[in-house]
Amino acid sequence: MTESDAASSNPKDINLCTLSQRSIDWLFSADPTLRVRSSMAMLAVLLMLGGAGVMLWLGYTGLAPLQAMVWWSVVAVGGLTVMAALVRCGWSARWRDPSMTFQQILWAISCSAVAYVLAAEARGIVPGLLAVTMLFAALNLRAKQIVAVSLYALGAFSLAVLFIIQLDNSTEPALEIAYALVLVLMLTGCMLLSLRLYQLRGRLRKQRQELAVALKENRELASRDALTGLINRRHMRELLELEQRRCVRGVRTMLLAQMDIDHFKSINDTYGHGVGDMALKAFAQTVRDNIRNSDVLARWGGEEFVLLLSDTDVAGAMLTLQRVRAAVEGTTMPDAPPGLQMTVSIGLAEHMAGEMLEVTLDRADKALYSAKRAGRNQVRFGELAAPAGWTPRQAAALCEEDAL
Ligand SMILES: Nc1nc2c(ncn2[C@@H]2O[C@H](COP(=O)(O)OP(=O)(O)OP(=O)(O)O)[C@@H](O)[C@H]2O)c(=O)[nH]1
């Protein structure tokens, strides 16, 4: 055990971890979506607190009226705190924008415009604070909202500039106009860059969706047979191994059937590969129509199929397989040439808890070939070749020897 392992296994540390995790959950919520929303809303509050700190500093140093700065700080931070609380308690979840980003940004712009008036000669710092607000817009809003908040900011700051020029005789109009022009430049630049970023965000989202679809298709391709739509041998093996583990735990029994379409080569040779493919598809559909949803049919390769029958006994499985055999014999394919008929030979085996999968499959295979030898179009059960009185485990061991 390393030193850090030892430290982390200390009960005191574990309690501290749980405590800090609980505090974080309490503050931001344990729900992942709500956690992201509330942490973003609280980040906005923190940034506004920073802005308020700067304003209070201006008031404290006499560069701006202290009382106005105090009021401004209370209102600006208070507004965002209320919104963060609405987000955190889930009240905003019913809204189209549950993060309330649009409202927070409008609030921050309004407060910045007021600060621009109140900060007197120090108003040069306000565009910096406004830029942080516009960064939130760039990362979170939609195109229309970006244009709306930019126009709103232009309007709010135009009013602020007019207000200053009209009411404050001590200001230099030329300087105010220069400040205003810089603001216009900054807001226009922010809007254009935000729109570009919005475009890139959209492209990234689309690529992510395409990637998810491609990944899903890839997974399907890796586990399914393209012709019949059945699961393929590789995936079936995984399912069989899982089922085998359940059998070992004695949870359930497992019956495996090997199926092989009779004289399939002659179907191909007589009617062509296209008709052969059609027959394979029709076969898969017929079998599927005659088994339970919980049974699993897989294309094992070529014209061979494996069926996993669960929650049944040998007698029940034999009945099912006889029904399947008869259904295959009676299969009619609308587009097939007249005279085309299919039959199937089936071998069934019961898996014995503890035996290797190969052994069960081999027993089913032997039963299948005994059905073929007996004239095809039949179902055979692969008996365990064990003397009377042997336990299934002993019999399984014998089968393993047979397989060798
Ligand atoms: N059309 C088509 N044919 C396939 C496909 N996969 C395997 N086959 C054909 O299936 C045939 C299997 O023939 P055999 O193994 O001789 O068996 P069979 O003719 O069914 O004879 P028995 O099994 O003894 O009744 C071969 O001709 C393969 O080419 C496939 O995806 N499509």
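Hi everyone, let's start with the sheet: five strands form an open sheet in the order β2-β3-β1-β4-β5, with mixed pairing. The strands at its edges are β2 (296-301) and β5 (379-381), each with a single partner strand, so one side of each has no neighbour in the sheet. From one strand to the next, the twist averages 20°. Two strands count as paired if DSSP finds at least two bridges between them. Strands of a sheet pair through backbone hydrogen bonds, either parallel or antiparallel.

Before I go on, a word on what you are looking at. This is a predicted model, where local features need pLDDT of at least 70 and side-chain atom pairs count only at pLDDT 80 or more, while totals for chains, interfaces and linings use all residues. Residues are numbered from 1 along each chain as its sequence is written.

The protein has 14 helices and five strands. Helices (H or I, at least four residues) and strands (E, at least two) are DSSP runs, numbered from the N terminus. Of the 404 residues in the protein, 32% are buried. Buried means that 20 or more other C-beta atoms lie within 10 Å of a residue's own; with 12 or fewer the residue is exposed, and in between it is partly exposed, with C-beta atoms placed from the backbone.

Back to the sheet, then. How many residues of β1 are buried? Eight of the eight, so β1 is largely enclosed by the rest of the structure. In a regular strand the side chains alternate between the two faces of the sheet. Here, Met254, Leu256, Gln258 and Asp260 point one way from β1, Leu255, Ala257, Met259 and Ile261 point the other way, and all are buried.

Now for the partners of β1. Seven bridges join β1 to strand β3 (residues 304-310), and these two run antiparallel. Leu348 stands opposite Phe381 in β5. Helix α13 (residues 357-373) packs on the sheet, touching β1 (254-261), β4 and β5, and its direction makes about 150° with that of β4. Residues are in contact if their C-beta atoms, placed from the backbone, lie within 7 Å.

Let's move to the helices. Two packed helices are described by the angle between their axes and the distance between the axes. The axes of helix α7 (residues 143-167) and helix α8 (residues 173-223) come within 10 Å and cross at roughly 175°. That makes α7 roughly antiparallel to α8. Axes are lines fitted to C-alpha atoms, for helices over the stretch in contact, and angles run from 0 to 180 degrees between N-to-C directions. Angles under 35 degrees count as roughly parallel, over 145 as roughly antiparallel, 65 to 115 as roughly perpendicular and the rest as oblique. Residues of α7 including Phe157 and Ile164 meet a set in α8 that includes Leu187 and Tyr198. By class, this contact of α7 with α8 has 18 nonpolar, two polar and one charged residues. For those classes, Ala, Val, Leu, Ile, Met, Phe, Trp, Tyr, Cys and Pro count as nonpolar, Asp, Glu, Lys and Arg as charged, and the others, Gly among them, as polar.

Helix α3 (residues 32-60) has 29 residues and reaches 41 Å from its first C-alpha to its last, close to the 42 Å expected. That expected span is 1.5 Å times one less than the number of residues. Among the buried residues of α3 are Arg37, Ala52 and Gly59. After α3 comes Gly62, with a positive phi near 85°.

Val70 lies in helix α4 (residues 66-88). Is Val70 buried or partly exposed? With 15 C-beta neighbours inside 10 Å, Val70 counts as partly exposed. Beyond its neighbours within four places in sequence, Val70 is in contact with Leu56 and Gly59.

Finally, two loop residues. Most residues other than glycine have a negative phi, and most peptide bonds are trans. Met100 has a positive phi, near 55°, and sits in the loop between α4 and α5 (101-118). Asp311 also has a positive phi, of about 55°, in the loop between β3 and α12 (314-329). Met100 counts as buried, with 23 C-beta neighbours inside 10 Å, whereas Asp311 is exposed, with 12 other C-beta atoms within 10 Å.

Notes. Contact = placed C-beta atoms within 7 Å.
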